[in-house]
Amino acid sequence: MLTVPGRTYRNCDGISRRNFLQVGAPLLGLGLSSLLERESIAADATRDKGRSLIVFWTHGGMSQQDTYDMKPDSPAEYRGPYRPIKTNVPGTIVGERFARQAKVMDKIAQVRSVFHENGIHAPSAHWMQTGYFGPTLARIAAQHPSFGSVINKALGSRSPHMPAYIAVPKAEAFGYQKSVYLGASYDPFEVGADPNSKNFKVPNLALPGGLDLSNVRKRRDLLVRFDSLRRDIDRTGVMDGLDAFKSKALEMVTGEEVRKAFEIDSEPAALRDRYGRHQYGQSALLARRLVEAGARVVTVNTGYWDHHNEVHQNLEQHLPPLDAAMATLLEDLEQRGMLENTLVYCAGEFGRTPLINGHAGRDHWSNCFTVMLAGGGIVGGRVVGASERHGGGVQERPSTPLDVLATIYYAMGISLGTHNEDASGRPVSIVGGGRPIHELT
Amino acid sequence: MLAMVLFGSPEVRAGDDPVRIAFAADVVPILTKLGCNSGGCHGKSTGQNGFKLSLLGFVPEFDHESLVKEARGRRVFAGDPDSSLLLQKAIGRVPHGGGRRLRIGSADYQVLADWIRQGAAPPRADDPVLVELTMTPTRGVLQVNSNEQLKLSAKFSNGTRRDVTRQALYLSNEPEIGGVDGSGSVTTGERGGLFAVLARYGGKMAVYQGTVPFGKATEPVALPKDASPVDRFLVEGWARLGVLPSEEVDDATLIRRLSLDICGTLPTVAEVRAFEADRRPDRRTRLINRLLDRPEYAAYFAMKWADILRNRGKGYSTSKQRPGTALFAGWIRDSLATNKPYDQFVAEILTATGSQRENPPTVWYRQVRTSVDYVESVAQAFLGVRIQCAQCHHHPFEPWSQADYYGLAAVFARVGRRGGFADAEVPTNEQIYVRSSGQVRHPRTGRVIPPRPLGGPDLSLSPFDDPRQRFARWLAGRDNPFFARTMVNRMWGHFLGRGLVHPIDDSRSSNPPSNPELLEWLTRDFIASGYDLKHLVGRIAGSRAYRTSSQPNDSNRLDTQSYARFYPRRLKAEVLLDAFSQVLDVPTVFPGDRGGKFPSGTRAIELPDENVSVHFLDVFGRPDRRSACECERTDDPALAQALELVSSTEIQRKLADKSGFVTRLAANKKTHSENVQELFVRIFSRRPRDEESRTALEYLESEPDRKAAYQSLMWALLATNEFLFIH
């Protein structure tokens with residue numbers, strides 16, 4: 001068990017057994033009422049608000065002090081070379097490499113007081129993406145589902161043909177963006193290619209060598225015939241799930257809708273330029289297209305932010321492209337009237353040390369760091385929480401990974417009383433002791 | 001006197017003095033009933049809004065402290081009980097996140113108020129203790145859409161007894177079949193089936209088992225002459241439920257089932273034809289025995305055991321060593337091939353010492369390294385019990401306490417390790433030995449807990465004995481309630497698609513077996529056979545029940561518990577990949593260490609561990625071997641599976657391979673009609689129906705490119721549900 005100031009984390013969030021999960025199932029007025037009526041959670045059922053989520057995952061850990069949480073009054077060895085600039089929100093400053101975001105800061109919320117208690121990539125990445133501490137460096141296997149999978153399970157896709165949860169270009173290497181005990185149905189669909197590459201194509205939708213679309217259509221027709229000739233092998237519905245996925249896959253490969261969503265070439269060149277002709281920019285643009293076509297969660301895994309050496313030199317490669325991608329995305333979403341229904345989230349497993357090290361780098365820092373949220377009903381322009389004078393610890397409003405996830409689930413309309421059963425049948429809360437950051441919702 | 005007014009009987013209070021209210025016996029059950037200490041509210045580990053109770057009231061001392069000593073004494077106020085926060089919140093007069101729970105003046109309200117007025121006394125050593133909870137009735141047969149009122153009676157240590165029907169909590173395991181409300185009234189739904197209702201009061205539990213017939217209870221169907229005792233029990237179950245079993249399958253369907261379930265392998269065309277031609281009365285037994293003698297039987301069940309025993313090859317991302325998993329996999333395979341008695345098999349694993357080279361089962365201790373691992377792996381794999389809950393609190397639905405959990409952990413407290421890399425997940429040179437000391441403490445009380453298996457004797461021993469040896473002997477004892485039963489249930493689940501206890505490793509009094517007599521008989525039979533695994537397979541796979549068709553009839557369409565029809569299930573990832581390889585006659589290439597490959601012709605069911613990167617296997621649910629739960633292997637459908645079927649380069653490679661089956665088929669001189677006959681047997685172990693032949697022939701004749709035509713036809717047949725499922 002791990003004790004964090006003011007809160008207790010433990011692996012057991014157990015309350016009961018599977019029946020507890022069925023909160024809200026209409027038939028259960030009877031059996032469970034004695035317990036469930038009394039569960040305060042029963043009140044807030046999941047209500048699909050039609051929202052989607054776009055995530056920028058800063059794998060490796062982005063430096064908060066060079067970006068959102070500047071410390072201009074600190075000594076040079078803390079504050080680094082970047083200067084703060086004003087934003088369109090009076091009193092809020094950001095690092096100068098976020099000049100584009102500074103102009104849309106009124107849409108961006110920051111939580112500057114996120115913390116957890118681990119300083120190693122894998123356990124921290126698990127903590128931030130599942131809400132729970134679990135794996136260690138030595139035992140790295142994922143133990144809980146990612147928030148993307150949780151959302152996928154709770155809400156599904158917004159369109160019958162689109163995968164609900166998509167990773168661009170792939171799911172993060174630790175394996176913490178997957179579904180674990182929720183079941184493979186809720187894993188992300190991996191795009192498998194860099195949308196900024198020339199002739200960007202999705203390998204999973206591409207046809208294997210020697211096949212063309214007409215072949216696959218013939219195959220599909222044959223399959224449908226043969227499957228329907230043997231309907232009698234099962235009339236109880238156990239094969240319906242796979243059947244549905246079979247038609248979805250065939251529709252994705254042979255149909256227009258999904259293929260079109262991935263056709264980033266059809267965007268005006270000027271807009272593509274504005275997003276930026278780099279992996280960040282084109283991934284963000286692709287994410288917008290996928291959300292438009294009905295995807296529920298799109299996670300962009302771009303860049304490796306683990307800058308132990310020469311942090312500022314390295315950030316030059318990452319900050320301007322991320323800035324262009326993020327700012328353009330927010331503008332673009334707003335212009336299309338999609339911002340209210342598209343939540344944007346940018347975070348990594350932790351931040352970086354306030355004090356610059358002997359290699360001009362910054363090391364891992366989980367004591368206090370910043371995450372960014374925008375759109376999706378989040379109050380823009382707001383800064384929640386604060387770090388200490390030089391950035392060391394939380395100064396006010398400590399926020400745990402589960403608080404952040406609870407905020408996201410809340411914004412998406414997912415009941416915070418949702419529990420999922422782990423492999424042993426124990427129900428695990430999606431938010432544990434976390435609570436939505438109400439200042440933002 | 002107040003009590004007498006309220007309840008009309010001096011028996012209502014547990015205490016000798018009818019007026020004195022005992023905290024544990026009188027107050028805590030009310031908190032439980034009202035849901036105050038549930039996992040969603042104050043019972044969760046973080047409490048709620050600064051007020052924490054023990055989960056479901058299992059630690060009354062703690063609850064008393066919380067109520068009386070915390071929050072500056074505002075929660076209970078003896079001078080004016082009605083203004084106590086406990087009551088003010090519960091009646092909703094002071095804002096309460098949990099809403100209004102209690103009415104002023106209700107019986108429960110009065111008990112709480114009286115207790116406060118009497119000084120909110122803590123639990124006393126001489127307080128009466130609940131000793132027994134009795135449910136009446138314990139079993140019942142109910143029609144659909146009907147009701148039954150349960151009665152619950154509590155007996156206390158001082159001899160008093162009282163009706164607690166309205167004070168208990170109830171939970172049904174199948175609420176759609178038989179639900180229960182807070183007053184113990186059972187209501188059945190629209191359809192038949194089996195259900196159980198758990199009642200909980202004051203830390204004790206009682207269970208009611210209900211049967212709702214699908215139709216009118218029927219006469220037991222006549223058994224065939226060669227029916228086994230297994231069938232006798234099922235027939236009785238079907239009669240109780242009012243269902244009729246589906247037809248018996250034909251030989252072609254049976255050989256496909258048996259080959260896939262015993263050997264993880266499709267039957268060949270020759271095998272199908274030979275079996276169909278065999279008219280000897282014992283041909284099925286002969287087939288089962290033949291299959292059990294094949295190396296594929298050992299390979300396939302070794303794979304199953306390697307999942308349960310977590311023979312895991314993945315290390316930290318940088319470590320590429322394959323740490324003894326091949327040795328362990330080989331040891332498991334040999335044990336199964338030689339039909340090592342199951343008790344011996346398990347004892348050799350649990351008591352293993354030495355290194356992987358001299359004693360491969362020590363590899364089990366590679367993955368199973370901590371108290372949590374020991375307890376959960378052993379409980380789930382060999383006892384069929386999910387005891388995880390009791391790590392942090394008393395199990396909410398079973399008698400398991402933290403002392404039971406840590407008692408089991410203590411069996412392994414003296415496991416020592418020497419050598420190996422300290423920081424690698426799976427050290428390669430580790431030696432397992434028994435240390436002379438090592439103990440486990442209760443996390444709450446700090447007391448040292450002696451080694452003790454669940455419900456078993458204290459195994460405290462001299463430093464020269466290994467508690468694991470005693471534990472293994474306890475396991476294999478003839479009266480061990482868990483060990484043989486769990487294995488029988490596991491094997492039943494393997495062949496029939498659902499354990500008699502379901503899930504297979506979740507045995508609880510609140511989760512009774514669907515056919516207790518059958519489970520008991522099979523368990524006795526398995527023990528009597530000397531834990532003979534092949535004998536057990538013969539019993540199950542040789543039964544009429546196993547030959548029941550998956551096509552439902554009107555009476556059993558909705559049945560999911562009594563095996564009146566065969567429940568179809570998808571082929572396991574490895575079996576499916578091997579089936580593709582076999583039908584198309586193109587082996588899969590499996591990447592090995594350091595850029596090497598496994599020998600050509602290696603089958604997926606023979607792979608030593610899960611650290612062989614094959615996308616197909618991952619998307620079709622190959623488990624990561626993170627836990628001892630077979631549920632980790634999933635046959636959940638997923639989009640990625642369908643995409644793999646549609647656009648995988650691997651399947652297309654197999655279809656197009658120059659020396660593969662499809663190329664040969666396309667090049668042969670036979671007519672389409674002859675080929676279609678052959679390939680249906682090859683794929684489905686049966687001849688095509690007329691309409692299927694017609695469809696296939698029409699397509700083949702419409703395609704000018706014979707090769708492409710056969711590729712597409714084969715693909716379509718291999719993507720059908722009939723191929724993907726055992727049915």
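Analyst: This is a predicted model. Start with helix α10 (residues 279-292) of chain A and α11(A): their axes come within 8 Å and cross at roughly 25°.

User: Which residues make the contact?
Analyst: From α10(A), they are A:Y280, A:G281, A:A284 and A:R288. The α11(A) side includes A:P321, A:L322, A:A324 and A:A325. Further along α11(A), A:M326, A:T328, A:L329, A:D332 and A:L333 take part too.

User: Switching topic. How many residues are in the largest nonpolar core?
Analyst: That core has 266 residues. A:V298, A:I408 and B:A409 have the most contacts inside it.

User: Which helix gives the largest share of this core?
Analyst: Helix α11 (residues 311-335) of chain A, with eleven residues.

User: And what is A:V298 in contact with, leaving aside its neighbours within four places in sequence?
Analyst: A:I54, A:I166, A:V168, A:A287, A:L290 and A:V291.

User: Now the chains. How many residues does the contact take from chain A and from chain B?
Analyst: It takes 72 residues from chain A and 82 from chain B.

User: Which element gives the largest share of the side of chain B that touches chain A?
Analyst: α22(B), with seven residues. Elements giving two or more residues to that side include β6 (169-172), β7 (178-180) and α23 (649-656) of chain B.

User: And by class?
Analyst: The side of chain B that touches chain A has 35 nonpolar, 31 polar and 16 charged residues.

User: You mentioned α23(B). How do α20(B) and α23(B) cross?
Analyst: The axes of helix α20 (residues 573-584) of chain B and α23(B) come within 9 Å and cross at roughly 20°. That makes α20(B) roughly parallel to α23(B). Their crossing is right-handed.

User: Which residues meet there?
Analyst: B:F580, B:S581 and B:L584 in α20(B) meet B:I651, B:K654 and B:L655 in α23(B). By class, this contact has four nonpolar, one polar and one charged residues.

Terms used:
Residues numbered from 1 in each chain as written. Chains lettered and ligands numbered in written order. Predicted model: local features only at pLDDT ≥ 70, side-chain atom pairs only at ≥ 80, totals over all residues. Core = buried A, V, L, I, M, F, W, Y, C linked by C-beta atoms within 7 Å. Buried ≥ 20, exposed ≤ 12 C-beta atoms within 10 Å, placed from the backbone. Helix = DSSP H or I, 4+ residues; strand = E, 2+ residues; numbered from the N terminus. Contact = placed C-beta atoms within 7 Å. Nonpolar A, V, L, I, M, F, W, Y, C, P; charged D, E, K, R; others polar. Axes fitted to C-alpha atoms, helices over the stretch in contact; angles between N-to-C directions. Parallel < 35°, antiparallel > 145°, perpendicular 65-115°, else oblique. Left-handed = near helix turned anticlockwise from the far one by under 90°.
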